[in-house]
Amino acid sequence: MKTALAGCPGTLAVLLLALFTSRIHSQVPNSTLSGCLGNQFACNSGQCVKQEFLCNGVTNCEDESDEQVCYQKVCPNNQWACPNAERCIPITSVCNGKNDCDDGADEASTCSSRRCGLLSCLYRCNPSPEGGMCYCADGMALKPDDKRTCIDFNECSSWGYCDQICTNKQYGYTCSCQAGFTLTGKQMCRANNSESARLIVSSNKRLFSMKTDGSDIKLIATTSISPVAFDSYRNKIFWANAHDSDKREFWESDLSGENKRSIPLKTTFNIILLSFDWIANNLYYEDRIARSIGILSLDNRRQCRIITTGLTKTFSIALDPLVGYMFVTLWGYSYERVNGIYRAFMDGSNMVYFKTSKYTFPRGITADVISKRIYFIDSHFDQMLTFDYNGLNRFEIIAGGKYIPSPVAITHFESHLFWADLNKGKIMKMNKNGSISTLTEIYHNTSEIPQRLKIFHSSLQPQGRNPCKQAKCQHICVVTHTSDNDGLGYRCLCEIGFIPDSNQINCTHWEIIKVGDRKGIKNSTFSILLYNPCKYEKADV
């Protein structure tokens with residue numbers, strides 16, 4: 001055992017060397033993402049620019065691709081963008097005497113067809129507030145340089161045409177599905193054993209589950225607003241005592257709530273969030289009091305922290321261990337972070353901010369690991385949005401207090417999104433394409449407020465390559481993206497109180513030193529494990 005002491009330059013050098021030379025082990029390339037570094041954005045031309053330059057209103061890519069899909073009104077083919085909202089409506093719905101945009105902009109007093117004769121549209125001309133606009137038959141699109149000639153349109157280049165796999169054809173396209181799904185209709189993919197899916201709900205009174213239509217409600221536990229995660233292959237769910245700092249533990253049980261047992265935690269005080277990596281069998285959590293994101297290995301019950309600085313309030317965590325990415329939503333400004341959505345590698349490194357002015361307080365987030373898109377809600381602007389793993393191809397799905405007045409949680413399954421609304425006290429369901437006609441209320445109980453949602457189904461945790469299988473990590477193995485974006489790899493991490501050896505596989509114990517009270521913190525009864533570059537110290541405050 002080694003002891004770390006304050007004011008020890010030699011020890012400081014060793015620790016800094018261990019921290020800053022830790023390696024991510026790269027394996028066979030398995031990523032379809034860009035060839036740029038983890039903190040960079042890949043322009044369409046192949047040029048790499050800093051991720052923070054994305055959507056900042058300044059062109060940094062030579063081909064301008066860093067500013068081309070930043071919540072611009074990029075609508076699917078033959079649709080029209082409502083001027084004051086990120087909403088698209090069919091061109092044939094413009095100037096038809098019925099308001100389709102929330103503010104009625106599609107039915108402006110200037111609606112006419114006066115320009116149609118001059119436009120000489122190859123297919124058809126529709127009235128518009130500007131005096132008319134050309135459009136094309138399905139499978140065709142207007143030629144960009146003349147806006148009147150119709151050419152073949154590649155539907156697969158845009159989001160929303162297919163749930164999963166899109167194959168472009170001349171004058172059309174076909175959709176197909178990944179293994180474990182069946183194509184339903186033209187574009188929707190239905191999971192095998194779809195009827196077995198359960199929506200897990202955590203409210204201010206209890207933890208329970210239901211079918212995805214809101215029926216067959218079953219109690220899991222009596223607890224208040226618990227963070228929830230699940231392991232569909234072992235039929236297990238995990239939750240924590242979010243509002244009881246005296247019980248520093250996770251709970252594990254079957255989906256029914258049976259076979260319940262506790263999983264004690266070390267130096268953890270207020271667990272707010274949970275997310276499960278089903279590839280490496282690691283449970284991610286956020287400790288609100290310690291302001292850190294940590295990992296608990298369910299293989300050996302070892303525990304470590306991966307993000308310890310710049311966190312204020314983390315409201316949601318979503319993982320994709322198939323590519324090694326973690327997405328988090330943060331509230332509250334710090335000297336390092338601002339409100340927004342961040343992407344990081346699953347070892348906590350390479351944290352980048354998805355910059356945009358179109359959201360203020362992102363709250364819930366869910367990752368579609370098949371289509372590689374994230375869906376999230378903003379509780380200030382009352383909206384639901386989506387973009388891909390690089391922060392591009394951004395679309396608003398639904399917005400406005402009429403439909404989504406105060407969203408607090410979101411999840412997805414097959415072609416649908418589910419969210420809990422704080423004002424309405426309801427759980428809502430809608431198609432991912434944002435069709436208002438599919439908006440459905442599936443649960444409403446005036447005596448409780450749903451605040452956390454998770455869908456329990458194996459299709460949300462597809463099997464993939466596990467780089468940790470052949471790893472020889474002494475403590476914790478984390479599946480993570482590689483720093484050069486050329487594949488999925490792993491990283492060995494050490495339990496709290498240990499640091500990595502020079503081989504980045506084994507761990508060396510460092511003495512935990514107890515120190516006295518700290519000024520400025522009063523009326524507290526907990527202990528926090530603090531770390532500085534020269535020692536670990538346990539502060540009783």
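Q: Leaving aside neighbours within four places in sequence, which residues is Asp382 in contact with?
A: In this predicted model, Asp382 is found in the loop between strand 30 (373–378) and strand 31 (383–388). With neighbours within four places in sequence left aside, its contacts are Ile398, Ala399, Gly400, Gly401, Ile404, Pro405, Ser406 and Pro407.

Q: Which side chain of opposite charge is nearest to Asp382, and how far away is it?
A: Asp382 is buried and has no salt bridge. A salt bridge needs a nitrogen and a carboxyl oxygen within 4 Å. The nearest side chain of opposite charge is Arg363, at 9.6 Å.

Q: Why is strand 26 largely enclosed by the rest of the structure?
A: In a regular strand the side chains alternate between the two faces of the sheet. In strand 26, Tyr325, Phe327, Thr329 and Trp331 point one way, Met326, Val328 and Leu330 point the other way, and all are buried. Strand 26 (residues 325–331) is therefore largely enclosed, the buried count being seven of the seven residues.

Q: Over how many bridges does strand 26 pair with strand 27?
A: Strand 25 (residues 313–320) pairs with strand 26 in the antiparallel sense over seven bridges, with Lys313 opposite Trp331. Towards strand 27, Thr329 stands opposite Ile341. Strand 26 and strand 27 (residues 340–345) are antiparallel too, and their bridges number six.

Q: Which residue takes a positive phi in the hairpin of strand 25 and strand 26?
A: This hairpin has four residues between the strands. The positive phi, near 80 degrees, belongs to Gly324.

Q: How many residues apart are Arg491 and Asp347?
A: Their side chains meet in a salt bridge at 3.0 Å, N to O. The pair links distant parts of the chain, with Arg491 in strand 39 (residues 488–493) and Asp347 in the loop between strand 27 and strand 28 (352–354). Both residues are buried.

Conventions
Residues are numbered from 1 along each chain as its sequence is written. This is a predicted model: local features need pLDDT of at least 70, side-chain atom pairs count only at pLDDT 80 or more; totals for chains, interfaces and linings use all residues. Side-chain values use heavy atoms; hydrogens and water are left out. Helices (H or I, at least four residues) and strands (E, at least two) are DSSP runs, numbered from the N terminus. Buried means under 20% relative accessible area, exposed over 50%, partly exposed in between (1.4 Å probe, protein chains only). Lys and Arg count as positive and Asp and Glu as negative; His and the chain ends are not counted. Contact means heavy atoms within 4.5 Å. Two strands pair if DSSP finds at least two bridges between them.
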